[in-house]
Amino acid sequence: MAQETLLLVDDEKEILDLLEIYLKNEGYVLLRASNGVEALDVLRHKEVDLIILDIMMPRMDGIQACMRIREEKNMPIIMLSAKSQDMDKIMGLSTGADDYMTKPFNPLELVARVKSQLRRYKRLNVSASRLEEEIEIDELVINTATHEVRVEGREIRLTPREFAILELLARNRGIVFSIEKIYESVWNETFYESDNTVMVHIRKIREKLETTPRQPKYIKTVWGVGYKIEK
């Protein structure tokens, strides 16, 4: 049975109760909050492995909370929203969420996504007791053991998905990866042609790594093909 701690953040008690039924059955330790302010307070006092975060909440909504969390924390975040428009999904992913589900949702699908996110997060965050492995590309240093990224000595905070994309390209320098290949390699799911999730994540990585994101030094666009990091 799982022993990870999950933080459930939603102002609807019925949603929290529903999530608790399904997730507690999987053995997770569960913490609850009814808005972003309460969620930040919980994170100051508790170690959390994954957050399920509603967008529409009083006091501090999920978008604002996600941005605040990403200033210090790196655990997976799954966003929930009653809105299904693409722009709402893009907004959620752009602020640092790793996945997005629209209400109403199938609780069993949410459980499956929680498990998938935790597996990926554990795989990317290798135990610090292992030998450090660094990939150096000019002033960019990627430590795949400690999950640290630095540019010109400056620490860059990436989400687990952003780190996975950067690591994929960095380990395969000179190879062009299509959007479909990146998505299926990192998300481990079938790619749908209309999905622009990868482009959103690439843009966020560039904004964090690059001095001039529109003229990237590291992740290059090969027009009509995909992305690569040059040798």
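Helices (H or I, at least four residues) and strands (E, at least two) are taken as DSSP runs and numbered from the N terminus, while axes are lines fitted to C-alpha atoms, for helices over the stretch in contact, with angles running from 0 to 180 degrees between N-to-C directions. In this predicted model, local features need pLDDT of at least 70 and side-chain atom pairs count only at pLDDT 80 or more, whereas totals for chains, interfaces and linings use all residues. Residues are numbered from 1 along each chain as its sequence is written, and side-chain values use heavy atoms, with hydrogens and water left out.

Helix H2 (residues 36-45) packs with helix H3 (residues 62-70) at an angle of about 20°, and their axes are 9 Å apart. That makes H2 roughly parallel to H3, on a scale where angles under 35 degrees count as roughly parallel, over 145 as roughly antiparallel, 65 to 115 as roughly perpendicular and the rest as oblique. The contact (heavy atoms within 4.5 Å) involves Gly36, Leu40 and Leu43 on the H2 side and Ala65, Arg68 and Ile69 on the H3 side. By class, the contact of H2 with H3 has 4 nonpolar, 1 polar and 1 charged residues, where Ala, Val, Leu, Ile, Met, Phe, Trp, Tyr, Cys and Pro count as nonpolar, Asp, Glu, Lys and Arg as charged, and the others, Gly among them, as polar.

## Helix H6 and its partners

The axes of helix H6 (residues 160-171) and helix H7 (residues 179-186) come within 10 Å and cross at roughly 120°, which makes H6 oblique to H7. On the H6 side, Arg161, Ala164, Ile165, Leu168 and Leu169 meet Ile182, Ser185 and Val186 of H7, and the residues of this contact divide into 6 nonpolar, 1 polar and 1 charged.

With helix H8 (residues 197-209), the axis of H6 again comes within 10 Å, here crossing at roughly 85°, which makes H6 roughly perpendicular to H8. Arg161, Glu162, Ile165, Leu166 and Leu169 in H6 meet His201, Ile202, Lys204, Ile205, Lys208 and Leu209 in H8, and the residues of this contact divide into 6 nonpolar, 1 polar and 4 charged.

Side chains of opposite charge can pair when their charged atoms come close. The structure holds 16 salt bridges, each being a side-chain nitrogen of Lys or Arg within 4 Å of a carboxyl oxygen of Asp or Glu. One of them joins the side chains of Lys103 and Glu12 (3.2 Å, N to O). Lys103 lies in the loop between strand S5 (99-102) and helix H5 (107-124) and Glu12 in the loop between S1 and helix H1 (13-24), so the pair ties together parts that are 91 residues apart in sequence.

Most residues other than glycine have a negative phi, and most peptide bonds are trans. The peptide bond from Lys103 to Pro104, however, is cis, with omega near -5°, and Pro104 is found in the loop between S5 and H5. Asp138, although not a glycine, has a positive phi of about 55°, and Asp138 is found in the loop between strand S6 (134-137) and strand S7 (140-143).

## Confidence along the chain

The mean pLDDT of the chain (the predictor's confidence in each residue, from 0 to 100) is 88, and 92% of the residues reach 70 or more. Among the elements of the chain, strand S1 (residues 5-9) has the highest mean pLDDT (96) and helix H4 (residues 86-94) the lowest (70). Over residues 126-131 pLDDT stays under 50, and for these residues the model has 4 contacts beyond four places in sequence.
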